[in-house]
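This briefing is for a reader new to the structure.

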Amino acid sequence: MFPLQGARMLQVLEKSLIKGLPASLKVYGTVFHINYGNPFKLKAVVDKWPDFSTVVIRPQEQDMTDDLDHYTNTYQVYTKDPQNAQEFLGSSEVINWKQHFQIQSSQSSLNEVIQNLAATKSYQVKHSENILYMALPTAKRLAPSLLAGKKLSSSGGKPKAIDEDMFKLSSLDITQATFLNKLWYFGGNERSQRFIERCIRSFPSFCLLGPEGTPVSWSIMDQTGETRVAGTLPEYRSQGLVSYIVYKQGLEMEKLGFPVYSHVDKSNKAMQRMSHTLHHIPMPCDWNQWHCIPL
Ligand SMILES: CC(C)(COP(=O)(O)OP(=O)(O)OC[C@H]1O[C@@H](n2cnc3c(N)ncnc32)[C@H](O)[C@@H]1OP(=O)(O)O)[C@@H](O)C(=O)NCCC(=O)NCCS
């Protein structure tokens, strides 16, 4: 295990991960934000350096004090050699195999390794596999070959107009985390609320305020730089609000030079339609999460 310390090494890692796109996307996005201020205080470890095969991005040990907090205890993994990643990922210096945790990766091929490790270490694993998207300007900039043969919608990548007299673009403050947390599919508990608060505190957040002056549609960013936790209140749905927010969020992130990407559940047709309209390009690999719980 080799911890990468210092700006120079992390910049080399970031550049090298671009060559692995799209399979390295989750780790690339996370390392990008480590190099851009590291608001989540994450660290990178590799199996060897500089010619690494596997890289894991994880929180510092001192931030992983709650064994049940899988939102904080999250590891991002990219490997050039899934067949041989098992020993590295099985090491207790790389992953704390005593806690509840999540592994996220753009490589479904890690499933076998993770299931093997879970069996050896007596863990229960829930694997989610969702569609991974990269926004068109990000794909053009970082991985233009992914665009070959892609059919784009005739929308020009823009959402339909909304009533701008009624809805005002704004940002969120952490007091609104309670509200987002109640409606977040993966949330609804105290730990997820803390995670949402940290995301709002660390990154730009976006919402539309409705006639009452409170958020009716929103989207934030997580520690990997992905756009996440998007939603619209039921009474304001199908008016193009989330499409407008995600479009504005993408423009702002591009302006800051951030990579813009997201994932959508395979059954979430509304978000898939929005992604098509906004010229978010589906990647040939998936967004994966393994939620791991000791038995
Ligand atoms: C999914 C959700 C965010 C959509 O918000 P919204 O503001 O209604 O979305 P928009 O009005 O911008 O619509 C986006 C697209 O989905 C379509 N759509 C809206 N509701 C739909 C539905 N129930 N079924 C299928 N398509 C739907 C719209 O027609 C639009 O497509 P178009 O651009 O081709 O016309 C909202 O339903 C929601 O909060 N759901 C629960 C939380 C959730 O799923 N969040 C996303 C997590 S990734």
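A polar contact is a pair of N or O atoms within 3.5 Å; within protein, one of the two must be able to donate a hydrogen and the other to accept it. The side chain of Asn268 and the backbone nitrogen of Met271 are 3.3 Å apart. The model is predicted.

**Ligand and its shell**
- The ligand is surrounded by 17 residues, and the closest are Thr232, Ser238, Gly240, Ser243 and Arg273.
- Sorted by class, the shell holds eight polar, six nonpolar and three charged residues.
- The largest pocket is the space that the ligand takes.
- Strand 10 (227-232), helix 8 (241-255) and helix 9 (269-277) are the elements that each give two or more residues to this shell.
- Helix 9 supplies the largest share of the shell, with five residues.

**Backbone atoms facing ligand oxygen**
- A polar backbone atom of Ser238 lies 2.7 Å from an oxygen atom of the ligand.
- For Gly240, a polar backbone atom is likewise 2.7 Å from a ligand oxygen atom.
- For Gln239, the distance from a polar backbone atom to an oxygen atom of the ligand is 3.3 Å.
- On its own the ligand has 920 Å² of accessible area, and the protein covers 68% of this.

**Asn268**
- Asn268 is found in the loop between strand 11 (261-264) and helix 9.
- Asn268 and Arg194 are 74 residues apart along the chain, and their C-alpha atoms are separated by 26 Å.

Terms used
Residues are numbered from 1 along each chain as its sequence is written. This is a predicted model: local features need pLDDT of at least 70, side-chain atom pairs count only at pLDDT 80 or more; totals for chains, interfaces and linings use all residues. Side-chain values use heavy atoms; hydrogens and water are left out. A residue is near a molecule or strand if one of its heavy atoms lies within 4 Å of it. Accessible areas come from the Shrake-Rupley method with a 1.4 Å probe; for residues, only the protein chains shown count as cover. On a 1 Å grid over the protein atoms alone, a cavity is a set of points where a 1.4 Å probe fits but cannot get out, and a pocket is an open set with protein on both sides within 12 Å along at least five of seven lines; lining residues have an atom within 4 Å of a point. A molecule sits in a cavity or pocket if more than half of its atoms lie within 2 Å of its grid points. Helices (H or I, at least four residues) and strands (E, at least two) are DSSP runs, numbered from the N terminus. Ala, Val, Leu, Ile, Met, Phe, Trp, Tyr, Cys and Pro count as nonpolar, Asp, Glu, Lys and Arg as charged, and the others, Gly among them, as polar.
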